[in-house]
Amino acid sequence: MTDSKSGTAAGAATSRRGGKRERLVEAAVQVFHQQGVEKTTLADIARAADVPLGNVYYYFKTKDQLVEAAVEAHCDQLTRLTARLEELPDPATRLKALVAGWVEGRETAARFGCPFGTLATELDKRDDGLDLAAAEVMRALLDWVEGQFTELGRPDARALAVELVAAYQGMSVLTNTLRDPALMATQGERLQAWIDGFAQP
């Protein structure tokens with residue numbers, strides 16, 4: 001969901017800057033994306049964060065607490081991303097930049113799928129509240145996209161927001177299933193042309 005500059009992309013080296021808790025959360029985001037929540041152990045996350053396993057329990061007593069922190073990290077990354085996009089001059093440019101960020105992450109999507117979409121899908125199978133937390137992040141993205149279409153004067157802004165986000169999630173699944181980054185690049189161009197159509201006077 002986030003762009004490649006947000007730090008969510010799996011395969012990027014986990015930052016060694018910051019405190020141990022921050023490194024553990026960064027590592028959790030990355031490893032959950034690469035391996036999935038169920039297959040990931042606290043030892044996997046500790047190793048990726050370069051933190052002794054015993055220290056993990058000082059910050060997170062259970063893996064679920066790390067999952068919750070990872071969802072919060074995705075939310076923070078989305079907030080930072082949309083704040084950067086808001087600096088662009090008009091809503092169509094912002095939406096196209098959002099799509100461009102998705103396309104930049106196509107190699108990662110081909111290997112592991114959408115960084116947040118895959119996590120949200122996995123958490124949806126649970127009923128412990130983490131599924132609801134993930135839904136709030138997705139809803140925040142929809143709300144922001146809806147706001148852009150509203151600025152473009154579209155009375156159907158919510159429906160268009162759903163269509164755009166659903167198109168991204170769909171092309172992420174296909175890109176991952178077919179291991180074909182070019183598919184996301186092609187579909188990204190189509191989405192940008194689609195957005196241009198709403199910006200015409």
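Helix α2 is largely enclosed by the rest of the structure, because six of its eight residues are buried. Buried here means under 20% relative accessible area, exposed means over 50%, and partly exposed lies in between, with a 1.4 Å probe and protein chains only. Helices are DSSP runs of H or I with at least four residues, strands are runs of E with at least two, and both are numbered from the N terminus.

This is a predicted model, in which local features need pLDDT of at least 70 and side-chain atom pairs count only at pLDDT 80 or more, while totals for chains, interfaces and linings use all residues. Residues are numbered from 1 along each chain as its sequence is written, and side-chain values use heavy atoms, with hydrogens and water left out.

The buried residues of α2 are Leu42, Asp44, Ile45, Ala46, Ala48 and Ala49. Their cover includes α1 (20-35), α3 and α4 (63-85). A contact, in this text, means heavy atoms within 4.5 Å. Directly after α2 comes Asp50, with a positive phi near 60°. Asp50 sits in the loop that links α2 (42-49) to α3 (53-59).

Most residues other than glycine have a negative phi. Arg179 is another residue other than glycine with a positive phi, in this case near 55°. Its place is the loop between α9 (157-178) and α10 (181-199). Arg179 is exposed, because its relative accessible area is 55%.

Helix α1, part of the cover of α2, holds two residues that can be followed in detail. Val25 lies in this helix and counts as buried, because its relative accessibility is 11%. Leaving aside residues up to four places away in sequence, Val25 touches Phe60, Ala69 and Ala73. Val25 and Phe60 are 35 residues apart along the chain, and their C-alpha atoms are separated by 9.9 Å.

The second residue is His33, also found in α1. With a relative accessible area of 6%, His33 is buried. A polar atom of the His33 side chain lies 2.8 Å from the backbone oxygen of Gly113. A polar contact is a pair of N or O atoms within 3.5 Å; within protein, one must be able to donate a hydrogen and the other to accept it, and residues adjacent in sequence count only if both atoms are side-chain atoms.

The whole chain can now be described. It has 10 helices and zero strands. Of its 201 residues, 47% count as buried. Among contacts between residues at least 6 apart in sequence, 67% join residues at least 24 apart.

The radius of gyration of the chain is 17 Å, which agrees with the value near 17 Å for a compact globule of 201 residues. That radius is taken over C-alpha atoms, and the globule rule is 2.2 Å times the number of residues to the power 0.38. Along its principal axes, the C-alpha trace spans about 60 × 35 × 30 Å.

The accessible surface of the chain comes to about 10,000 Å², and 52% of this belongs to carbon and sulfur atoms. Such areas come from the Shrake-Rupley method with a 1.4 Å probe; for residues, only the protein chains shown count as cover. The chain carries 23 positive and 29 negative side chains, and the centres of the two sets lie 6 Å apart. Lys and Arg count as positive and Asp and Glu as negative, whereas His and the chain ends are not counted. The place of a charge is taken as NZ of Lys, CZ of Arg, CG of Asp or CD of Glu.
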